[in-house]
Amino acid sequence: MLASSSISRFERSAGEIMSLSSESHPKTHSLSPLDGPSQRVRVMAIELGLDESESVLCARSAQAIGISKDVVRGVCIARRALDARRRGRRHLLKFVVHVDLDLAADYRSPALDRAIKSGRARHVEAPARFELDSAERGSRARRVLVVGSGPAGLYAAWTLASNGVGVDLIDRGPGLRERGRAVACFTGTGELDPEANLLFGEGGAGTYSDGKLYTRTQHALEAPILDTLIAAGADPEIAFDARAHVGTDRLHRILPRLRTRLEEMGVRFHFGTRLESLVRSADESGQIVAIQSSAGEIACDAVMLGIGHSARDTIRSLARDGLEVEAKPFQLGLRIEHPQSLIDLGRLGQEADIASLGHAYYAMVAKGSDAIPTVHSFCMCPGGQIVAAVAQPGMLCTNGMSNSKHSSAFGNSGLVVTLGPREFGEGRFAGVEFQEQLEKAFFEAGGADYSVPAQSVPSFLAGRPDRGLPRSSYKMGLSALRVDELLPPDVTEALRAAILRFDRSIPGYAGEQGLLVGIESRSSSPLRIPRDPETRLARGFENVYPIGEGAGYAGGIMSAAIDGARSAWALLRQP
Ligand SMILES: Cc1cc2nc3c(=O)[nH]c(=O)nc-3n(C[C@H](O)[C@H](O)[C@H](O)COP(=O)(O)OP(=O)(O)OC[C@H]3O[C@@H](n4cnc5c(N)ncnc54)[C@H](O)[C@@H]3O)c2cc1C
């Protein structure tokens with residue numbers, strides 16, 4: 001919910017807890033090293049009023065777990081969220097904060113034990129490091145080829161290079177600057193470059209996005225990944241903000257710095273280089289010894305495949321060459337847009353100071369039944385813009401992005417249901433074919449020029465055509481159409497029920513200022529490349545590692561980055 005905040009920031013570096021001055025005042029952290037070994041305890045869900053100083057947190061969290069604040073040697077905010085739940089008609093806004101306390105390693109107390117047993121507190125492990133201990137590392141891979149410069153590929157490369165392994169990183173798309181020109185040309189003229197677009201090129205699919213960084217995985221690698229982003233220029237608040245986001249404008253400043261750092265670590269980047277096929281050794285092992293790319297053959301000891309979920313040509317070609325691929329359920333629906341002021345009012349109330357709290361966010365679920373599927377709101381972009389996130393000509397697919405300040409007048413979100421083989425049929429590529437069929441239908445219905453089929457929310461609910469449409473952030477044109485008829489009937493029915501349900505939380509959500517556009521078909525991958533859970537090797541291969549969203553193991557920037565890094569660890573551990 002909280003996009004930015006006026007409260008002062010706790011200083012935090014790489015998960016370290018700062019020592020406190022004797023007054024235990026978080027704003028006056030002394031940075032002197034802690035005395036002796038320590039233990040870290042996370043105190044959960046401490047409430048903090050919007051006007052209260054963070055300095056109360058030390059005493060308040062110590063009191064919450066029944067220990068004296070005098071035994072606390074350091075404190076920092078581990079996570080901070082805005083609680084905007086309504087009580088009756090009023091929004092009683094407050095922060096809910098998880099606070100990390102640093103105590104002497106040998107500190108014990110029955111009260112602390114009780115707090116840990118009850119779940120009010122828990123011990124926190126030190127954040128992971130990309131580097132493995134030398135005893136953990138095998139010796140097999142000398143030169144690894146990473147395919148894809150999305151978050152999965154970038155953090156696989158980061159982890160490998162941090163451990164001294166040579167990396168060639170290829171991407172079919174161009175570097176950031178050239179990619180930016182191609183995207184601007186597409187938005188201005190409708191001319192789509194199938195190799196340089198919102199999905200392909202440096203940084204992968206998330207380069208033009210809201211840059212939301214939160215994930216439900218809570219993996220220990222999250223902190224070091226966030227630290228690399230902070231070191232490259234992201235706001236340090238992303239380390240603890242429950243709704244951390246970076247924004248497209250900042251991502252464009254961060255990515256070149258990440259690339260420079262990776263190059264310093266020895267990673268060689270090859271843009272405009274598309275993987276075509278895997279080259280097996282002539283001997284019995286069948287190991288992959290090289291790849292065939294659009295720029296020629298590249299030799300390697302292992303391949304990490306982080307190609308995202310829109311490289312349908314590549315995945316089909318690899319499947320023909322023997323890579324196992326299986327269908328998995330995926331999400332599909334529409335994107336909904338409202339004036340951001342309507343969302344702010346509904347979520348935060350009349351009195352909220354948006355300038356200091358930031359624009360409101362929402363994540364809502366309308367639980368389904370046997371007759372009707374569950375609907376999720378997905379990837380909400382406060383103060384954002386709807387975009388056509390496509391790489392293949394002749395198809396349309398919407399998504400959302402925003403800048404770091406969330407400064408547009410609109411808020412948009414995906415509204416999706418999960419579909420499985422019952423809806424899209426049997427066969428490993430049945431889900432992809434279903435997506436393609438609908439993406440083509442939306443493209444053609446819109447006028448085959450990337451105008452997006454659009455319907456006002458009241459007309460969608462009533463199943464009638466529009467006479468006029470509300471304003472929208474989408475820049476490539478709206479075509480007023482019966483979007484309700486373009487979708488599979490079950491999906492339309494589920495979305496109708498969900499929108500009416502969501503209107504109870506955000507008054508006006510189902511009203512005339514709401515607009516639906518589509519199709520939102522790539523919130524998740526319709527395919528999985530099966531891999532061994534421990535070695536993370538693709539089934540039937542000895543040195544191929546499928547990673548990230550396209551392989552079916554991630555659903556966003558942070559989860560893809562973590563999957564890339566963990567798979568690199570698995571590779572490094574191979575004896
Ligand atoms: C508009 C938009 C907004 C989004 N907003 C958010 C958000 O706010 N927060 C969030 O968590 N997620 C967001 N997502 C989703 C997120 O971007 C993806 O989940 C994430 O990027 C997946 O990472 P990945 O590394 O697995 O794949 P990708 O990021 O898709 O990267 C794959 C890369 O592989 C390259 N590639 C493909 N085929 C080949 C080939 N044959 N040879 C060489 N290179 C190849 C591509 O060019 C691409 O750069 C958004 C996505 C879009 C499209």
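How do the residues of the shell around the ligand divide into nonpolar, polar and charged?

## Ligand shell

They divide into 20 nonpolar, 17 polar and 6 charged. Here Ala, Val, Leu, Ile, Met, Phe, Trp, Tyr, Cys and Pro count as nonpolar, Asp, Glu, Lys and Arg as charged, and the others, Gly among them, as polar. The model is predicted: local features need pLDDT of at least 70, side-chain atom pairs count only at pLDDT 80 or more, and totals for chains, interfaces and linings use all residues. Residue numbers run from 1 along each chain as its sequence is written.

The ligand is surrounded by 43 residues (C-beta atom, placed from the backbone, within 6 Å of the molecule). Gly 150, Gly 204, Gly 308, Gly 548 and Gly 556 are the closest. At least two shell residues come from each of α3 (151-162), β19 (398-402) and α15 (557-573). Helices (H or I, at least four residues) and strands (E, at least two) are DSSP runs, numbered from the N terminus.

Domain 2 (134-325 + 529-573) and domain 3 (330-520) both contribute to the shell, so the ligand lies between them. The domain bounds come from an automatic or database domain assignment.

## Strand pairing

β1 (residues 38-49) pairs with β5 (residues 94-104) in the antiparallel sense, over 10 bridges. Pairing requires at least two bridges found by DSSP. Val 43 stands opposite Val 99 in β5. β1 also pairs with β6 (residues 121-123), antiparallel, over 3 bridges. There, Val 41 has His 123 as its bridge partner.
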